[in-house]
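Subject: Structure and notes

Hello,

The structure we discussed is below, followed by my notes on what was found in it. Please read them alongside the model.

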Amino acid sequence: MAYSNHPDIERILRIQNPTMQNVFEVGVQTKELAYEWMCAIKEAAQNASAMENERRKMERNSRVAKEMSDLIIYCRSVPFKHHPTTWVFYEMSSFPETKAEKYFLQPETRALFVRYHRNHLSRVYPKGQRLDSSNYHPTALWNCGSQMIALNFQTPDKPMQLNQAKFRDNGGCGYLLKPEFMFRDEFDPTDPNTLVGVNEVIVNVRIIGGRNLCKVSRNITSPLVEVEVLGASFDGGIKHRTRAIADNGLNPIWNEICEFRIANPHFAMIRFEVQDEDMFGEPNFIGQAVFPLGAIRTGYRSVVLRNKYSEELELATLLVHTSIRPLQTE
């Protein structure tokens, strides 16, 4: 409470609590009325504080009804247990990438790791040494059944582009069903002979041409296209690289054909990357597009290119023709 310099106001009440940035002032005509207002405000504040404390106490002491709890599906986070007899379906484990890759790369633990993911959830996250927020390659861990591969979304690298493409399938809902062969005891993601009921396919891609394949910093480009298969270890790493079209990023024509033999089409993804070959022969990124093989439509298609953050590039496209046929075996 303070005196006022205004002729019609004798007292000023200044009201403030710790959450208010500015003081709220109320002008009062008499000292008695100011005192009455002050008492009423204090009483209201005390009542509000008492009600808040009571509410918090009730929350701490309350118990969720069993009937309500039974309707909720949740997982309890626990350390990974190496003995299947101790596994409980509602428990899940988290792994740093180094530990998960160790389980996956060693044959004696790979089978256990794959078996765990038939009925249990897991999360794999980047190791703490990635101070630059880089990402690890997620495909091997997807292939062994891990459901949640945590990546650094702020980094526009190739693993992040694969992640965006992987879950663009199924309407982009973020949920993909595992194929049936992953639930078989003999399944090994590194052995094509364990793929029961899976037919090899031949993927033929004709890269016909493109349009508006330019960079923001450079209007004249010499674009080339790199087509790559990623997926199972025995299918991945196959690339086809077209010739560079000199000084024509507006409407280059390649008309080149590449063909890939894919043993596990359920894991496979096709990645297109357009690069600009500079005067020293060094490639510079222009755009990319990644598609799960099962989401590719055959025939003549316009491939919309995206930047490193998987955002569509305006008017930048490739014209391709694709065909997918089963491998003919004798």
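This is a predicted model: local features need pLDDT of at least 70, side-chain atom pairs count only at pLDDT 80 or more; totals for chains, interfaces and linings use all residues.

Thr 155 sits in the loop between β7 (148-149) and α6 (158-166); helices (H or I, at least four residues) and strands (E, at least two) are DSSP runs, numbered from the N terminus. Its relative accessibility is 15%, so Thr 155 counts as buried (under 20% relative accessible area; exposed is over 50% and partly exposed in between, with a 1.4 Å probe and protein chains only). Leaving out residues up to four places away in sequence, Thr 155 touches Asp 132, Ser 133, Ser 134, Asn 135 and Met 160, where contact means heavy atoms within 4.5 Å.

Residues are numbered from 1 along each chain as its sequence is written, and side-chain values use heavy atoms, with hydrogens and water left out.

Next, helix α4. The buried residues in α4 are Thr 109, Arg 110, Leu 112, Phe 113, Val 114, Tyr 116, His 117 and Arg 118. They pack against β5 (91-96), α3 and β6 (122-125). On the α3 side, Ala 100, Lys 102, Tyr 103, Phe 104 and Leu 105 meet Pro 107, Thr 109, Arg 110 and Phe 113 of α4.

Arg 110 meets Asp 188 at 3.4 Å, N to O. Arg 110 lies in helix α4 and Asp 188 in the loop between α6 and β8 (201-211), so this pair ties together parts 78 residues apart in sequence. Both Arg 110 and Asp 188 are buried. Arg 118 meets Asp 185 at 2.8 Å, N to O. Asp 185 is in the loop between α6 and β8, so this pair joins parts 67 residues apart in sequence. Here Arg 118 is buried, at 17% relative accessible area, whereas Asp 185 is exposed, at 64%.

A further salt bridge joins Arg 261 and Glu 200 (2.8 Å, N to O). Arg 261 is in strand β11 (residues 253-262) and Glu 200 in the loop between α6 and β8, 61 residues apart. Arg 76, Lys 81 and Glu 91 are linked in a salt-bridge network. The whole structure has 14 salt bridges.

Regards

Note on methods: A salt bridge is a side-chain nitrogen of Lys or Arg within 4 Å of a carboxyl oxygen of Asp or Glu.
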